[in-house]
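The entries follow the order in which I checked them.

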Amino acid sequence: CARDGYRDSGASAGSLGYLYKIHIIAQQNRSIQQTGRLLDKDNKLVMTFTARLHGIRSDGTEQPWPDYGDGDYGLSEFAGLGNSVTGLIEADLNSPEDDPKSFGPYGVNRAVRGLQGNAKVLLPHLRDGILVHTGEWPGWTEDKAMPNSLGCIHVWPAEVKRIEQELLKLGVVERKNPMTGKDYPYKPQGLLS
């Protein structure tokens with residue numbers, strides 16, 4: 001991954017004017033699944049979840065969908081469809097995407113605008129469409145790694161559903177999905193770090 005030196009400051013979402021924060025520590029090897037945390041506006045832990053931040057392969061090969069990877073580090077986050085972008089990012093809960101096979105049937109968290117780190121340079125104009133979502137992955141079970149994404153953050157289906165439910169309990173509004181972060185029509189309610 002591109003080392004931008006970004007480290008989450010620990011500041012609460014509320015202190016920055018937001019209702020929630022999704023926090024995931026990115027590893028250099030994006031094949032390794034991570035534990036993410038959903039925090040309320042006061043940094044109180046709401047839940048943990050399993051996340052995978054691996055984009056398309058860096059070895060030049062292309063596998064049939066879904067590609068469950070084999071330890072490949074993934075394409076740089078500066079590349080289109082590369083690994084998930086690092087940094088502090090404005091995020092927002094959107095209604096489900098139109099393709100449940102690829103994105104799951106639940107609300108998605110859209111990375112809207114980068115505030116710090118590589119995200120500040122990349123989002124939304126050089127990279128767009130980065131989501132926290134799930135999918136309908138043939139043959140997948142929770143004891144297996146989730147498949148590579150096209151730059152998004154993959155999360156287990158039951159956990160994406162719970163993230164959506166917990167955010168609604170926190171007073172977050174699920175916005176009609178504009179299918180892009182460019183010219184985003186709403187004020188983002190959360191942070192992704």
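**Entry 1: model.** I note at the outset that this is a predicted model.

**Entry 2: length of H3.** I looked up helix H3, which covers residues 157–169. I took 1.5 Å a residue, so the 13 residues should span 18 Å. The C-alpha atoms at the ends of H3 are 19 Å apart, and I recorded this as agreement.

**Entry 3: burial in H3.** Which residues of H3 are buried? I found Glu 159, Val 160, Ile 163, Glu 164, Glu 166 and Leu 167 to be buried. I keep in mind that an α-helix has 3.6 residues a turn, so residues three or four places apart point the same way.

**Entry 4: after H3.** I then checked what comes after the helix. Gly 171 follows H3, and its phi is positive, near 90 degrees.

**Entry 5: salt bridges.** I turned to the charged side chains. Side chains of opposite charge can pair when their charged atoms come close. With a limit of 4 Å between the side-chain nitrogen and the carboxyl oxygen, I count 6 salt bridges.

**Entry 6: Lys 21 and Asp 8.** I found a salt bridge between Lys 21 and Asp 8, with 3.1 Å between the closest N and O atoms. Lys 21 belongs to strand E1 (residues 20–23) and Asp 8 to the segment before E1, so the pair ties together parts that are 13 residues apart in sequence. Lys 21 has 2% relative accessibility and therefore counts as buried.

**Entry 7: Arg 113 and Glu 90.** I looked up a salt bridge between the side chains of Arg 113 and Glu 90, at 3.0 Å from N to O. Arg 113 is in strand E5 (residues 108–116) and Glu 90 in strand E4 (residues 88–94), so this pair ties together parts 23 residues apart in sequence. Is Glu 90 buried or exposed? Glu 90 is buried, with a relative accessible area of 8%, whereas Arg 113 is partly exposed at 41%.

**Entry 8: Asp 92 and Arg 175.** I found that the side chains of Asp 92 and Arg 175 meet in a salt bridge, 2.6 Å from N to O. This pair links distant parts of the chain, 83 residues apart: Asp 92 is in strand E4, and Arg 175 is in the loop between H3 and strand E8 (190–192). I recorded both Asp 92 and Arg 175 as buried.

Notes
Residues are numbered from 1 along each chain as its sequence is written. This is a predicted model: local features need pLDDT of at least 70, side-chain atom pairs count only at pLDDT 80 or more; totals for chains, interfaces and linings use all residues. Side-chain values use heavy atoms; hydrogens and water are left out. Helices (H or I, at least four residues) and strands (E, at least two) are DSSP runs, numbered from the N terminus. The expected span of a helix is 1.5 Å times one less than its number of residues. Buried means under 20% relative accessible area, exposed over 50%, partly exposed in between (1.4 Å probe, protein chains only).
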